[in-house]
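Here is a short briefing to read alongside the model.

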Amino acid sequence: MRCTLKPILPSLALGLTVALAACAPSTHSEVPGRAATTSNLPAMKSFSARRGAPVRRSNAEITRDFIDLSFQMESGRQLPYLTKFQGPIKIAVSAGAPASLDRDLSQLIGRLRSEAGIDISRALSGEQAQIIIEAIPRKTLQKAVPQAACFVVPNVSGWAEFKKNRSRGVTDWTRLKSRTRATVIIPSDVSPQEVRDCLHEEVAQALGPLNDLYRLSDSIFNDDNFHTVLTGFDMLILRAYYAPEIRNGMTRGQARAVLPSLLARINPRGASAGARAASVTPQVWNRTIMEALAPRTKPGRRANLAAQAVQIAKTQGWTDNRLAFSLFVQGRVTLGQKPQLAIESFVQSNAIYKRINGSSVQAAHVATQLAAFALSSGQYSTAIQISNEAIPAAQQGENAALLATLLMIKAQALEKSDRDAEAQATRVDALGWGRYGFGSDRNVRARLNEIKALTPRRG
């Protein structure tokens, strides 16, 4: 059985008491991989659909990425053939889905049609669907697939059929030569953002690549989970997947042979860009990162593993996303015990992310840590400045949880700077985004209280 997992966000105990930032990588397995009440909080905010940013890399690099994403699973198992759906694709939602799903799915389908050129639409009543989305309680989902926040499996139509066939070869992606059915399983009792994130990643994997690559800084196909919605790169990969030149049952060599001319046709800007070298990510680094972020790993062991990951990255000569993420992880896991090392790690990580992608969502995640530290040490103007610089990237990345956290930090710093009117307006904005990013009023208030608790006491 093939699993493409949407990893669980670990509740790491940071020194600043705030569980800020990205999801931990999954423990790879073999399944592909996130009631209305009266509230006095402001209305929930949500994002309008927007196109992904243009891809800035060369077609030679994209060819390599396409092959590595399409012919291997996250577990390392090789896929002998490329598979995809043939003809129009219908997508259906089973009963019991969260109320927020409908709008986000409609936006996703619209983007897949316009940006990836895929003939995909909602199934009408009585129509057979190729992709079924079913929402179940998180505990039920994780009892079946413990490390998954959501996942996709082939050849089944719904949760019941998955449970019936999960121990058989029916759901083994390596045995496919074409795709006819797939089921996306998502949790029904999580925040709207988590539902949307699962939709983007798992529907994309139902349609196309089944692997994740840590080296990709501009893709949802990355276990660091900084990107939560499909990017311009992801849409380009899916457009190539469903181009007529790519056929079901192609081998790695056959796909590599047609990709240069295919990408020249659909991405002419990539013909003039220079190709950068990319090294293979050794499994020892993957395992080290995963164990460093695993909830059951003890703090001392976690710090040692993070240091090992940084050392491996440096020994490999990496100056890319993998070194930046290693430093980010080291910052997260040492903040409570070695704050100076943590801050130095965050600063270095931030510099690499900005060099790679400018003011990116990754840099915004790092900035959240730095802004929280500034707030906790009474450097209110610095906390405001860092938050202001990161907020646009959080908005562009459509990450409401990250955006709400940055706004809460800014609001608290404004309040402590005796700028009460600005603080109130900023906090109201934060709460609206928090309802989308964190879900329940209780979760929103909990995050707000965590931020308030960072402020040092007078005297």
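The second largest pocket has a volume of about 1000 Å³. This is a predicted model, in which local features need pLDDT of at least 70 and side-chain atom pairs count only at pLDDT 80 or more, while totals for chains, interfaces and linings use all residues. Residues are numbered from 1 along each chain as its sequence is written, and side-chain values use heavy atoms, with hydrogens and water left out.

**The pocket**

- A pocket here is an open set of points on a 1 Å grid over the protein atoms alone, where a 1.4 Å probe fits, with protein on both sides within 12 Å along at least five of seven lines; lining residues have an atom within 4 Å of a point.
- The volume is the space filled by probe spheres set on the points, with grid points joined across faces, edges and corners.
- The lining of the second largest pocket holds 45 residues, and R56, S217, D218, I356 and N357 are the ones nearest its centre.
- At least two lining residues come from each of α1 (59–70), α6, α10, α11 (339–357), α12 (361–376) and α13 (380–396); helices are DSSP runs of H or I with at least four residues, strands are E runs of at least two, and both are numbered from the N terminus.

**Nonpolar cores**

- A nonpolar core is a set of buried Ala, Val, Leu, Ile, Met, Phe, Trp, Tyr and Cys residues joined through side-chain atoms within 4.5 Å; buried means under 20% relative accessible area, exposed over 50%, and partly exposed in between, using a 1.4 Å probe and protein chains only.
- The largest core has 68 residues, and W285, I289, F325, V329, F346, L375 and M408 touch the most other members.
- Helix α14 gives the most to this core, with 11 residues.
- Another core, of 60 residues, lies apart from it and includes I62, L112, I120 and Y242.

- All six residues of β5 (182–187) are buried.
- A182, V184 and I186 point one way from β5, whereas T183, I185 and P187 point the other way.
- In a regular strand, side chains alternate between the two faces of the sheet.
- Strands pair if DSSP finds at least two bridges between them: β3 (131–136) runs parallel to β5 with six bridges, and β4 (151–154) runs antiparallel to β5 with four.
- I133 stands opposite V184, and V153 stands opposite T183.

- E115 belongs to helix α2 (101–115) and counts as buried because its relative accessibility is 7%.
- Although E115 and M235 are 120 residues apart along the chain, their C-alpha atoms are separated by 6.0 Å.
- A polar atom of the E115 side chain lies 3.1 Å from the backbone nitrogen of G52.
- T334, in helix α10 (321–334), is buried because its relative accessibility is 2%.
- The T334 side chain reaches the backbone oxygen of Q330 at 2.6 Å.

**Positive phi in loops**

- Most residues other than glycine have a negative phi.
- N225, in the loop between α5 (192–207) and α6 (232–241), has a positive phi near 60 degrees, and it counts as buried because its relative accessibility is 3%.
- D418, in the loop between α14 (400–416) and α15 (420–438), also has a positive phi, of about 60 degrees, but D418 counts as exposed because its relative accessibility is 65%.

Technical notes: Polar contact = N/O pair within 3.5 Å; in protein donor to acceptor, adjacent residues only side chain to side chain.
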